[in-house]
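Trainee: I have just opened this one and would like to go through it with you. Could you take my questions as they come?

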Amino acid sequence: MTRVALIAHDDEKPEMIDFVTAYEDTLSAFDLVGTGTTGKRIMEETALDIERKQSGPLGGDTQIGAEVAEGRMDAIVFLRDPLTAQPHEPDISALLRICDVHDVPMATTRTSAEYVVEGLAADLRDD
């Protein structure tokens, strides 16, 4: 099954909720993973089931990065706040780098998230 991680910085969580609500039917066909707070918010606002990792600052980004390195992640939607310094910036940079190394798409904006999810859904239809 296609495995997708959903991550959002605090200021981007409302945008993530709006995104997953708009794409709930499509996302329901995927095996979803999320960092702690983001995953909790998504499950409270939708009928989607999310495997929750730790919160990002507590290692959730690193846990998802490990799945990328193990070949267990197909894509990541990470709605980042580019204007606010994050205390766990090294973990975020490592996640970006590991996605590049393993050629796993990471969407960091709403528009890129839509393209990634629509592309994954098209791949499922083609199979």
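Trainee: Where does Glu118 lie, and is Glu118 buried, partly exposed or exposed?

Mentor: Glu118 sits in helix α6, residues 110–126, where helices (H or I, at least four residues) and strands (E, at least two) are DSSP runs numbered from the N terminus. Glu118 counts as partly exposed because its relative accessibility is 40%; buried means under 20% relative accessible area, exposed over 50%, and partly exposed in between, with a 1.4 Å probe and protein chains only.

Trainee: How far is Glu118 from Thr2 in space?

Mentor: From C-alpha to C-alpha they are 13 Å apart, although 116 residues separate Glu118 and Thr2 in sequence. Keep in mind that this is a predicted model, in which local features need pLDDT of at least 70 and side-chain atom pairs count only at pLDDT 80 or more, while totals for chains, interfaces and linings use all residues. Residues are numbered from 1 along each chain as its sequence is written, and side-chain values use heavy atoms, with hydrogens and water left out.

Trainee: What about Asp103, buried or exposed?

Mentor: Asp103 counts as exposed, because its relative accessibility is 68%, and it is found in the loop between α5 (89–101) and β5 (106–107). Its phi is near 55°, a positive value in a residue other than glycine. Most residues other than glycine have a negative phi.

Trainee: Changing topic, how many helices and strands does the chain have?

Mentor: There are six helices and five strands, and from the N terminus on the elements run β-α-α-β-α-β-α-β-α-β-α. Of the 127 residues, 45% count as buried.

Trainee: And what size of box do the C-alpha atoms fill?

Mentor: Taken along the principal axes, the box is roughly 40 × 30 × 25 Å.

Trainee: Which residues lie nearest the centre of the largest pocket?

Mentor: Those are Ala8, His9, Asp10, Lys13 and Pro57, out of 19 lining residues. On a 1 Å grid over the protein atoms alone, a pocket is an open set of points where a 1.4 Å probe fits, with protein on both sides within 12 Å along at least five of seven lines, and lining residues have an atom within 4 Å of a point.

Trainee: Which element gives the most to that lining?

Mentor: Helix α3 does, with three residues, and both β1 (3–8) and α3 (36–45) supply at least two each.
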